[in-house]
Amino acid sequence: MPWYAVEALDDALDATKSLLTPFDARQWLKLAVVVFFLGGTGGGGPFTSGGGGGGGSTDVSGDAPELTFGPGSEFDVPSALGDVLPVILGVVAIALLVGLLYVLIGTVMEFVFVETLRRQHVRIRDYASQHLGRAVQLFAFRVALGLLVVVPAIALVAGIVGLATGALEISVVLLVLLIPLVAVVGFLVALLDAFTVNFVVPVMILKDTGVLAGWRRFWPTLTEEWKQYGVYALVRVVLAFAAGLVATVAGGIIGALLVAPLAIVGIVAVPAFGGFGAILSNPAALAVAGLLALSYVVVLTAALAVVFVPIQTYLRYHSLVVLGDTNSEFDLIPDLRREIRESE
């Protein structure tokens, strides 16, 4: 019995070569834009953390703990937290909105990417407008999936806060119950989202249908060929591990180059503002630091997107080949598949 996920390894490589060669810088950059919004372009990139000067100590007396960051410098945690709390909440709200917008654009790009692999040509605007309605449905579906993780995660945070404030009995019980719950739910949601993106989206494109109808059409194939998809999941774990190694190396090199300017800014800015304690108690300085960190992450992700164009292309072609092998009705690339296999 042939295992489609194993056989598809070579076919996906040939399909990737057919799209990306001969090298076309304009098409590559367009694909980099798509990959940027798809996410997963590199996890585990290095994020340097400055461990601010030694000699810090904590002095707890009465009801108001004070944190000493250096000789002659004291930082009152509760009062400082009250000062910066509105800024923190504002940053969180903006980050949430930006995150949702990123996911929405990324959901549209899922359809753009699949159409690009199908047609062997990148037309971001045309493909996006063609599948916008289906992308909005998929976005709502993914948000609903996200809430399944966010709700218990918030309860987990509440448990941690309870520990910090002394509600030990209740908080320990919450943590014991919620940590495995969040882990299991997170895994299942990630698996469901991955199968939706890799298999249901092509079905939605082929059958001109929504996400729930796409799942209803794909479900019989998944249940009938569950062994094939089980092997697929195992193969993808190995491929993800290999991609993670590439991400670590590429992220380390690119991240080190990008963080150098920020490090110089930090060396100059921290003493200018009076040290870390003064920055944490200064809403404006805290906001600037947050924007710099966010800018670093965005630029790093964009740079990695260029590197990850062939990797994402290969992984998605691998899924399309497996989908077509398990059910020819859902074959999105029949001509390319035939051309590749006839040339072997």
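Me: What is the ground rule on confidence and atoms here?
Reply: The model is predicted, so local features need pLDDT of at least 70 and side-chain atom pairs count only at pLDDT 80 or more, while totals for chains, interfaces and linings use all residues. Residues are numbered from 1 along each chain as its sequence is written, and side-chain values use heavy atoms, with hydrogens and water left out.

Me: What volume does the largest pocket have?
Reply: About 1000 Å³. The grid is 1 Å over the protein atoms alone; a pocket is an open set of points with protein on both sides within 12 Å along at least five of seven lines, whereas a cavity is a set where a 1.4 Å probe fits but cannot get out. Points are joined across faces, edges and corners, and the volume is the space filled by probe spheres set on them.

Me: Which residues lie nearest its centre?
Reply: A190, D193, A194, N198 and R236, out of 34 lining residues; a lining residue has an atom within 4 Å of a point.

Me: Which element gives the most to that lining?
Reply: α6, with 10 residues. Elements giving two or more residues are α3 (77-119), α5 (132-165), α6 (168-207), α8 (226-273) and α11 (309-326). Helices are DSSP runs (H or I, at least four residues), numbered from the N terminus.

Me: How does the lining divide into nonpolar, polar and charged?
Reply: 20 nonpolar, 9 polar and 5 charged. Ala, Val, Leu, Ile, Met, Phe, Trp, Tyr, Cys and Pro count as nonpolar, Asp, Glu, Lys and Arg as charged, and the others, Gly among them, as polar.

Me: How many cavities of 30 Å³ or more?
Reply: The count is 1. The largest cavity has a volume of about 40 Å³ and is lined by D11, V321, I333, L336, R337, I340 and R341. Helix α12 (residues 334-342) gives the largest share of that lining, 4 residues.

Me: Switching topic: how many aromatic pairs?
Reply: 13, where rings of Phe, Tyr and Trp (its six-membered ring) pair if their centres lie within 6.5 Å. Planes under 30 degrees apart count as stacked, over 60 as edge-to-face and the rest as tilted. F23 and W28 are a tilted pair, at 5.4 Å centre to centre and 50° between the planes.

Me: Why is the pair F199 and F218 stacked?
Reply: Because the planes are at 15°, with the ring centres 5.6 Å apart. F199 sits in helix α6 and F218 in helix α7 (residues 211-224), 19 residues apart. Both are buried, that is, under 20% relative accessible area, with exposed over 50% and partly exposed in between (1.4 Å probe, protein chains only).

Me: Which residues have the most contacts inside the largest nonpolar core?
Reply: F195, W215, F218, Y229 and Y317, in a core of 62 residues. Such a core is a set of buried Ala, Val, Leu, Ile, Met, Phe, Trp, Tyr and Cys residues joined through side-chain atoms within 4.5 Å. α6 gives the most to this core, with 9 residues.

Me: Where is the cis peptide bond?
Reply: Between T21 and P22, with omega about -5°. P22 is in the loop between α1 (4-20) and α2 (25-38).

Me: And D208, buried or exposed?
Reply: Exposed, at 57% relative accessibility. D208 lies in the loop between α6 and α7 and has a positive phi of about 55° although it is not a glycine.
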